[in-house]
Amino acid sequence: MNEVREKQSNYRPLSSKKALQKTMGRYYALTNYHRYWGKIFRRPLAWVTSGAPVELLRAFNIHSAYPEQYAAIYSARNATVALCEVSEAAGYSQDLCSYARSNIGGVLRPDLAPLGGMPKPNLLVACNNICGTVLKWYEVLARHFKVPLLVLDTPFLPHEFTAQAKAYVLEQLISMANDLEKITGCPFDEKKLAAEMKRSREITSLWIETRQYCQNSPSPLNAPDLFINMAPIVVLRGSKAGIEYYRKLRDEVKQRAALAQGAIEDERIRLVWDNIAIWPQLFSFYKMFSEKGACFITDTYSGGWAVEHAPGTPMESLAATYTEIFLNRSPKYRANQLIKLIEDYKANGFVMHSNRSCKPYSLVQEVIRKEVMRETGVPGLMIEADMADPRAYAEEPVRNRVQAFLETFL
Amino acid sequence: MPNHYIGVDIGSLTVKVVLIDDDLKIIGQGKERAGYSGRTIAQKLIAEVLAKSGLTTQNVGATVATGYGRVTFSADREVSEITCQAKGISHLFPSARTVIDIGGQDSKVIKLFPNGKVADFTMNDKCAAGTGRFLEVMASALEVDWQEISELVSASKKPTKISSFCTVFAESEIISQVSAGELKADILAGVCDSVASRVASMSRRTGLEPDIVFTGGVAHNDGVVKALAKQLDFSLLISQEPVITAALGAALIAREIKK
C-alpha cells in the first residue's frame, strides 16, 4: 500500500512516509525470508484474513501474513490482471473476489507476483466476519499447501450481539487456542494474550486519535493518506514497531491540524468515503476530487481498524471485538455509522465505491445511500469499480459521474 | 458585441451545437454524427451555425462544452452532461422533477430539486443495453433505417420478447427470431420494450417524481416513448428537439459564466 507513488502536485506529502516505508519494508523482508528464521525462532507463519483475531496468534508467537494486503500491493504494482488470468484459467470465476483470484494466481505462478509472491504458510486462519468468500478461498489454500486451516465463524449480527452468539464465538476461540497449542507446541498463556491485546489497544488508540484530527478544517489527511497509512495497523497490530510508527504519524498529523495545514490545497468540499480503496487507480482517482478542492476526510474502510476493544476477559473481548465489526452488521447499523461520520467530520457529501469484488461491503450500499441522504440531506455518489482488478474500472463513465457530483456543490 | 453563447455537446454518436442570445432565445442549432473526430465536427457546426445567423466568433461571449468529447474541446468551461441536461430541461420545463435521458451509449435518470439543480442521478454502467446504440445495432440487424423504427413499431400487434441484456447476444436473439418467421414490426417492438424496461428499472431505482421529461436522441423514437410511458405508468414530457437539451443547458451555463 505504501508502494504507490504520490503523483499529485496539489498534495502535501507526509514526512512520516520514510518511517512508513522503513517499517513496512522491514515487515516484508521478515515475512518473505521467514523460511530462514521461522524454524530457528519456533515462529510458524500463518496466512490470515484481515479480520482474524491476530492477538491470539501473536500470543503463540505466530507470525502473520495477509493475502488481502499482498493482493493490494499486487494491484498497486499492476500485477493483478496477470495473476487473475492465471486463476481464471485454473477455473476460478471472474465473479469471485479479485483479492482471492490474484492471491491464488500468485500461489500458482509466484514468478508473476510482486515480492516473489507470499512465503509458504505453516497454517491458515480465516474469520468470516468480513465475508463468506474467505472460507472457500482458504479451503483452496489448505488443500494446496496441505496445512491446517482454523476457522472462526462469527454469526452475522442483524441486531445486537446476543449471549448465545457470544458463547458460540467464545467456545470457538477456546478451541482455536487448543488447536494452536498443538500446532505450535506452545502452551496458551492468558497473560501473554492480555499483553498482546494491550499493545493492540495502544496502536488502535493512536490510529483513532490520528483520524480524529481530520475533524479539523482543513483536514490534515485525505483518503489516499488513510489508505497508505493503514498498512501497519493491519499487519503490525500489537507490535512495538507499529506503535512507534503510529506515534510518529499522530505527532505529524496533530501538528498539521494545529497549523491548519490541509492535506490538499484549498479544501472546499469535505467527503466521506465508503468501501475499500480503488488500489490500481489510487492517485488518479482521488486526484479527480483533490484538484476540485474535494478532500476525503474520513472513511469506513481504514476506519474498520479504529475500533476500541470490547470489555471483558481477553477471550471475551476478542470474541466481541471481532464479531461486532461493521461488515458483520445490519444495513441500519452501517447507515448510522456513516451518518455519524458525516456529522462528526462536518462532511458535505459522501462517495460509495460499489466494489465488484466485495459483495458484503457493496450489495447493501444503495439502501444505505438513500437512508443517509434522507437523514443528513447531503448528496451521496455511487461509483462502480473494483478494489484490485482494473478491468472493472471504466475511466470515462467514472470521470463523468465524479464531475457531475462535484458540480452539485457549486 | 459578444452577447451570444454557445453550448456544444460532443456525444458518443452525435455532436450538437446550440447558439443562444442574451435573452436566452435559441437562435441557431446544428447536429451531426460525431464520426472519428467529434471535435472537428463541433468546430465545423459552430462555424455553420454562426454563419447562418450572420454572426462571427467576435459575437460569442462564452462557450461551454459537454458530452464525452468535452475534454478534448477547448471551451471556456467543460461541464458534465448531467448538470447541462438538468439546466436545459429545467429551462424548458420548469416543473420537471425527473429527467430520463437516453443517449448514444448511456442512459441516465436525474432527479431535480424544485430550483432545477441536480438532487441525485443514476447512470448505466459498463453496458450499452438500454441506450441508443443498442437500438441502432438491432435496427441494423433488421435492415431498418433508424427513422423508420417508430412507424414500423406502431404496426406491431404482438411484440416479441428480447430477454438478453447484452447487445451482442440480443442481436443473435433477433436473428433467431427472424429465422423463426417473426414479423419485423413485432421484433422491433420487442427491441423498444427491452430498452424501455432497462431504463424503467433504473428510473424506479432512482425514484420517480412528476413531471418527468424524456430526452436524448431516443426520445424521437415513438416506440420507446410509448413502451417507457406504459412501463412507468407516467406520462412523459418531450421537448420538440430532445437531442439538443444538453447543448442548450451548456449554452445557458455559458451565459451564466459571462454574467
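A polar contact, as I use it here, is a pair of N or O atoms within 3.5 Å; within protein, one must be able to donate a hydrogen and the other to accept it.

**Entry 1: chain B against chain A**

I am working on a predicted model. I began with the polar contacts between chain B and chain A. I find 8 residue pairs, with both residues at pLDDT 80 or more. Next I asked which elements of chain B supply at least two residues each to the side that touches chain A. They are α2 (81–92), β8 (118–123) and α6 (184–206). β8(B) gives the most, with 5 residues. I then sorted that side of chain B by class and noted 7 nonpolar, 4 polar and 9 charged residues.

I looked up salt bridges between the two chains as well. The count is 1. R369(A) and D120(B) meet in a salt bridge through their side chains, at 2.9 Å from N to O.

How many residues are in contact across the two chains? I get 20 from chain B and 21 from chain A. The area buried between the chains is about 1700 Å². Carbon and sulfur atoms give 46% of that area.

**Entry 2: the two domains of chain A**

I turned to chain A on its own. Chain A is divided into domain 1 (18–189) and domain 2 (193–407). Their centres, taken over C-alpha atoms, are separated by 22 Å. The contact takes 50 residues from domain 1 and 46 residues from domain 2.

I checked the buried area here too. It comes to about 4000 Å² between the domains, and carbon and sulfur atoms give 63% of it. Which three residues supply more than any others of the area that domain 1 buries against domain 2? They are L20(A), E55(A) and R58(A), which supply 17%.

I counted 6 salt bridges between domain 1 and domain 2 of chain A. I also looked up the side chains of E160(A) and R329(A), which meet in a salt bridge at 3.8 Å, N to O.

Technical notes: Residues numbered from 1 in each chain as written. Chains lettered and ligands numbered in written order. Predicted model: local features only at pLDDT ≥ 70, side-chain atom pairs only at ≥ 80, totals over all residues. Heavy atoms only, no water. Contact = heavy atoms within 4.5 Å. Buried area = accessible area lost by both parts, 1.4 Å probe. Salt bridge = Lys/Arg side-chain N within 4 Å of Asp/Glu carboxyl O. Polar contact = N/O pair within 3.5 Å; in protein donor to acceptor, adjacent residues only side chain to side chain. Helix = DSSP H or I, 4+ residues; strand = E, 2+ residues; numbered from the N terminus. Nonpolar A, V, L, I, M, F, W, Y, C, P; charged D, E, K, R; others polar. Domains from an automatic or database assignment.
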